[in-house]
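These entries record what I looked up in the structure shown below. I begin with charged pairs and then turn to the strands, a helix face and several loop residues.

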Amino acid sequence: MKAFKKELKALKKNLSAQNVNKAGDTSKVDADSVEEERFSFADAMKGVKPLQQDKVEPDKQIELFNKRQQASPTRLKNSKQLAASFSFSDMYQAALPQEGPMRYCREGESTHIVKQLRRGDYSPEMMLDLHGLTRELAKEELAALIHAARKDTIDCVCVMHGYGQGVLKAALPHYLVQHPHVRAFHQAPLEYGGQAALLVLLDVPLQNNKR
């Protein structure tokens with residue numbers, strides 16, 4: 001490497017001397033010399049093997065989170081019509097806890113699954129962001145999400161309602177309780193949105209014991 005630097009330095013010195021001798025004008029740089037210098041540097045670098053950058057393995061939870069499938073409008077488009085047969089009511093008010101994190105467990109289900117959701121034992125494989133949507137649009141997207149998840153045999157999803165004025169945050173739990181395929185839900189762990197999201201557990205057909 002030292003020999004290469006010396007050779008390059010000598011080459012630059014010779015090129016500079018040639019430019020000074022041409023026409024006696026030191027204020028202008030000959031374009032051909034510049035091109036020759038650039039070519040010589042590129043030519044000299046041929047065959048040089050780049051250094052390999054070591055990569056640090058990311059935290060497992062971060063890696064899993066980055067692999068989550070976003071439930072985009074395009075992904076849910078085909079599910080909206082199929083899920084249209086189910087509609088959420090704004091009039092229905094479920095008996096939900098008034099204190100502590102938002103949570104729910106369907107009758108007949110073990111309350112242990114709520115604890116598992118709270119601990120983060122379930123990782124969402126689809127995520128739906130309801131930020132900026134009206135109640136009507138949010139209901140359509142939610143129904144489509146549940147339909148698409150069950151179609152792909154995905155039993156855990158994350159629904160992000162955000163903070164804002166709290167309209168969707170207040171309405172979403174009551175919508176979820178109405179759906180026959182919602183087994184349980186709990187306020188999401190911090191890595192999935194915390195108080196601005198819910199982890200929802202679904203019953204899915206032909207579930208292959210992923211947990």
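**Entry 1: salt bridges**

Which salt bridge do the side chains of Arg106 and Asp203 form, and at what N to O distance? I found the two side chains meeting at 3.1 Å, N to O, where a salt bridge is a side-chain nitrogen of Lys or Arg within 4 Å of a carboxyl oxygen of Asp or Glu. Arg106 lies in the loop between strand S2 (103-105) and helix H5 (112-119), and Asp203 in the segment after strand S6 (197-202), so the pair ties together parts that are 97 residues apart in sequence.

I note the conventions here. The model is predicted, so local features need pLDDT of at least 70 and side-chain atom pairs count only at pLDDT 80 or more, while totals for chains, interfaces and linings use all residues. Residues are numbered from 1 along each chain as its sequence is written, and side-chain values use heavy atoms, with hydrogens and water left out. Helices (H or I, at least four residues) and strands (E, at least two) are DSSP runs, numbered from the N terminus.

Salt bridges with shared partners join Arg106, Glu109, Arg150, Arg183 and Asp203 into one network. Asp203 is partly exposed, with a relative accessible area of 21%; the classes are buried under 20%, exposed over 50% and partly exposed in between (1.4 Å probe, protein chains only).

I recorded eight salt bridges in the structure. One of them joins Arg119 and Asp121, whose closest N and O atoms are 2.6 Å apart. Arg119 is partly exposed at a relative accessible area of 47%, and Asp121 is partly exposed at 38%.

**Entry 2: strands S3 and S4**

In which sense do S3 and S4 pair? I found strand S3 (residues 126-129) and strand S4 (residues 156-160) paired in the parallel sense over four bridges; pairing requires at least two bridges found by DSSP. Leu128 stands opposite Val159 in S4.

I also looked up the connection. S3, helix H6 (residues 135-151) and S4 make a right-handed β-α-β unit. Right-handed here denotes a clockwise path from the first strand over the helix to the second, with the strands pointing away from the viewer.

**Entry 3: the buried face of H5**

Which residues of H5 are buried? I listed Ile113, Val114, Gln116 and Leu117. They cover an arc of only 160° around the axis, which puts them on the same side of H5; the arc is that of the directions from the helix axis to the C-beta atoms. An α-helix has 3.6 residues a turn, so residues three or four places apart point the same way. The buried residues of H5 pack against S2, S4, S5 and S6, contact being heavy atoms within 4.5 Å.

**Entry 4: backbone angles**

Just after H5, Gly120 takes a positive phi of about 85°. Thr153 has a positive phi of about 50° although it is not a glycine. Most residues other than glycine have a negative phi. I located Thr153 in the loop between H6 and S4, partly exposed with a relative accessible area of 28%.

Asp155 lies in the loop between H6 and S4 and counts as buried at 1% relative accessibility.

Is His161 buried or exposed? At 8% relative accessibility, I count His161 as buried. It lies in the loop between S4 and helix H7 (167-178). A polar atom of its side chain lies 3.5 Å from the backbone nitrogen of Ala197. Leaving aside neighbours within four places in sequence, the contacts of His161 include His131, Leu168, Gln195 and Ala197.

His131 lies in the loop between S3 and H6 and is partly exposed, with a relative accessible area of 48%. Not counting residues up to four places away in sequence, His131 touches Met160, His161 and Gly162. I also noted that His131 and Leu168, 37 residues apart in sequence, are 8.7 Å apart in space, C-alpha to C-alpha.

Terms used: Polar contact = N/O pair within 3.5 Å; in protein donor to acceptor, adjacent residues only side chain to side chain.
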